[in-house]
Amino acid sequence: MRKPPKAMPPKVPNAQVSNAQALGIGIAAYKQGAFEKAWQMLSGLDHAQALNVAGASAQRLGRFKDAAAAFETAGRLAPNDPDIANNSGHLAFDMGHLERARADFSRALSARPNMGAARIGLAKVAAARSDWPDALQQWTLASKTNPNSAQVRYGLGTALLETGDAESALGIFSQLQKEIDRPEIAFMKGRCLVELDDIGNAQHELQRAHIGAPSVHSLRALANLHWMLGDTASFHALIDQAPPALATAAIKIMLEAEEPQRAKALWDRYFSQTEPGAEGWTLAAQIARFEGDGTAAKTAADKALKHQPDHSAALDTAIVAALMCGNPKTALPLIDAQRKQEPFAQNWIAHASVAHRLRGNTSEDPEHLNDVDRFVRAYTLDVPEGYGSLEAFNTALAECLRSLHKFTTRPLDQSLRGGTQTARSLLDRDEPVIRAYIKALDRPIRDYLEAIGQSPDHPTTSRNNGTYRFRGMWSVRLLGSGFHEPHVHPEGWISSAYYVAVPEGTEKDLDKAGWINFAEPPYPTIPALDPLKWIAPKPGTLALFPSYMWHGTAPTKAGAERITAPFDLIPG
């Protein structure tokens with residue numbers, strides 16, 4: 001059973017005031033905004049309604065533990081009361097207790113199926129968990145009882161966008177903007193327009209959003225758009241003018257742009273005259289890591305962890321610093337602790353694979369994280385329906401994908417260098433050649449799942465139930481001497497590379513130009529770790545591998561073009 005949270009000792013009403021009088025006085029005080037008086041009058045009563053209002057009062061006063069205890073007791077006294085369950089759910093959501101919130105909202109809806117506030121609560125929980133199909137379902141149900149609610153329409157538009165229906169989402173945000181011209185609506189409208197390749201109007205809306213209410217999200221979205229359009233002047237001006245509240249975001253963006261000197265200058269501007277705290281020291285560690293200085297990265301990461309021992313980015317940088325300095329024994333306990341908390345987080349598994357290699361003995365890798373022969377496999381795609389040959393299919397797919405590459409350079413937070421990436425997921429497109437591609441992937445994916453097995457002692461096979469779902473799909477176009485930095489796919493389980501078009505002669509290139517490699521980390525280590533496997537790409541080849549496995553490419557030949565259509569999978 002759930003253990004009730006500890007609360008302040010309840011205040012007993014004045015002995016000269018009856019319980020009924022205390023209830024009336026307390027409720028009246030709450031309605032008048034006298035929340036402390038309401039708490040004083042109601043928190044000591046053995047009455048569900050009184051404790052419900054007492055909990056709401058404590059919540060308004062910021063005393064969340066007292067509020068949780070009051071709602072807990074009220075729920076035991078009246079387990080079928082939807083208002084109590086709903087209030088408890090919203091409190092749990094505000095406290096970050098998503099599973100508790102979901103249970104409370106579901107209980108409220110069981111008692112009152114058309115309770116709009118509880119349905120909105122379930123939708124918010126689904127969105128917070130990035131479960132966008134469920135969020136779409138919940139917001140759709142909420143819209144039936146609250147069709148004119150701006151909050152519901154905003155939530156529905158967001159869920160539609162996140163599930164790939166940018167057109168419908170744009171319609172919702174455009175109508176909302178006519179009624180309520182707010183920065184957050186302009187921001188979401190701008191996101192829709194990016195997805196729909198209306199870049200000029202997208203830039204206009206994102207600029208309006210950022211001017212109206214500068215935020216990490218608006219700064220990052222606008223900076224990324226300037227960057228991908230090759231407008232470096234606007235990009236640098238935006239970052240240089242970022243307010244102090246967005247300092248950490250600005251520095252991270254400059255590191256993603258591979259400009260460590262500008263990142264260091266921003267760090268000095270914002271943090272040199274004050275105690276940097278966990279976030280500031282983490283950024284200093286990341287700058288040092290980018291520059292290849294493992295010792296400085298460790299020093300800064302240690303300072304960050306003194307401020308906040310559970311700071312995820314600081315822990316990540318401390319782990320990398322230890323591996324850069326050749327200290328896997330220092331890194332592994334930190335990695336193991338994080339993996340216990342987040343067993344499916346691909347970045348911690350990736351660092352573990354490096355630590356095990358640095359220990360120099362394959363027996364020290366009990367999970368076989370670096371078993372590239374078992375887990376990295378190449379397939380030849382069957383000829384999709386409607387095409388006479390694989391060559392004809394790839395020619396048609398390449399032509400389609402070229403038309404979708406609208407930018408001049410990569411997104412900031414991606415691994416490619418010297419190329420572009422499509423903005424909208426290919427899963428959301430209706431072009432027949434893309435639908436044929438998706439259908440043709442089923443056979444090799446199922447072969448791969450069968451081949452790797454379901455062993456419980458490996459982070460990939462332990463999740464293998466024989467089924468899968470697509471988590472995302474995009475296209476990358478490398479040009480000139482383009483390449484991929486070694487990276488992992490943090491939101492995936494199994495990842496891929498499908499080669500649509502590659503330069504002639506790639507398969508036999510002695511320098512492995514354009515080839516994909518596996519198990520080489522993106523940071524220098526002592527000793528250095530070389531790739532454990534290479535795959536020579538050719539049109540029609542599909543490579544499948546665990547999402548945690550480091551993978552990158554050798555640069556393509558100057559003047560060459562290389563088009564891929566990768567995707568991520570999660571268990572079905």
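This is a predicted model: local features need pLDDT of at least 70, side-chain atom pairs count only at pLDDT 80 or more; totals for chains, interfaces and linings use all residues.

Author: The largest cavity is lined by Asp197, Leu404, Thr422, Ala423, Arg424, Leu426 and Arg429.

Reader: How many cavities of 30 Å³ or more does a search of the whole structure find?

Author: The largest cavity holds about 40 Å³ of space. With the cut-off set at 30 Å³ or more, the search of the whole structure finds one.

Reader: How many charged residues are in the lining of the largest cavity?

Author: Asp197, Arg424 and Arg429 are among the lining residues, and Asp and Arg count as charged. Besides three nonpolar residues and one polar residue, the lining has charged residues numbering three.

Reader: Are H19 and H20 roughly parallel or roughly antiparallel to each other?

Author: Helix H19 (residues 312-324) packs on helix H20 (residues 328-341) with axes 8 Å apart and an angle of about 155°. Angles over 145 degrees count as roughly antiparallel. H19 and H20 are therefore roughly antiparallel.

Reader: How many nonpolar residues does the contact of H19 with H20 have?

Author: H19 brings Leu315, Ala318, Ile319, Ala322 and Leu323, while H20 brings Pro328, Thr330, Ala331, Leu334, Ile335 and Gln338. Two residues of this contact are polar and none is charged, and the number of nonpolar ones is nine.

Reader: Is the crossing of H2 and H3 left-handed or right-handed?

Author: Helix H2 (residues 35-42) and helix H3 (residues 48-60) pack at about 145°, their axes 8 Å apart. Phe35, Ala38, Trp39 and Leu42 of H2 meet H3 residues including Ala50, Leu51 and Arg60. The crossing of H2 and H3 is left-handed.

Conventions:
Residues are numbered from 1 along each chain as its sequence is written. Side-chain values use heavy atoms; hydrogens and water are left out. On a 1 Å grid over the protein atoms alone, a cavity is a set of points where a 1.4 Å probe fits but cannot get out, and a pocket is an open set with protein on both sides within 12 Å along at least five of seven lines; lining residues have an atom within 4 Å of a point. Grid points are joined across faces, edges and corners, and a volume is the space filled by probe spheres set on the points. Axes are lines fitted to C-alpha atoms, for helices over the stretch in contact, and angles run from 0 to 180 degrees between N-to-C directions. Helices (H or I, at least four residues) and strands (E, at least two) are DSSP runs, numbered from the N terminus. Angles under 35 degrees count as roughly parallel, over 145 as roughly antiparallel, 65 to 115 as roughly perpendicular and the rest as oblique. Contact means heavy atoms within 4.5 Å. A crossing is left-handed if the near helix is turned anticlockwise from the far one by less than a right angle, and right-handed if clockwise.
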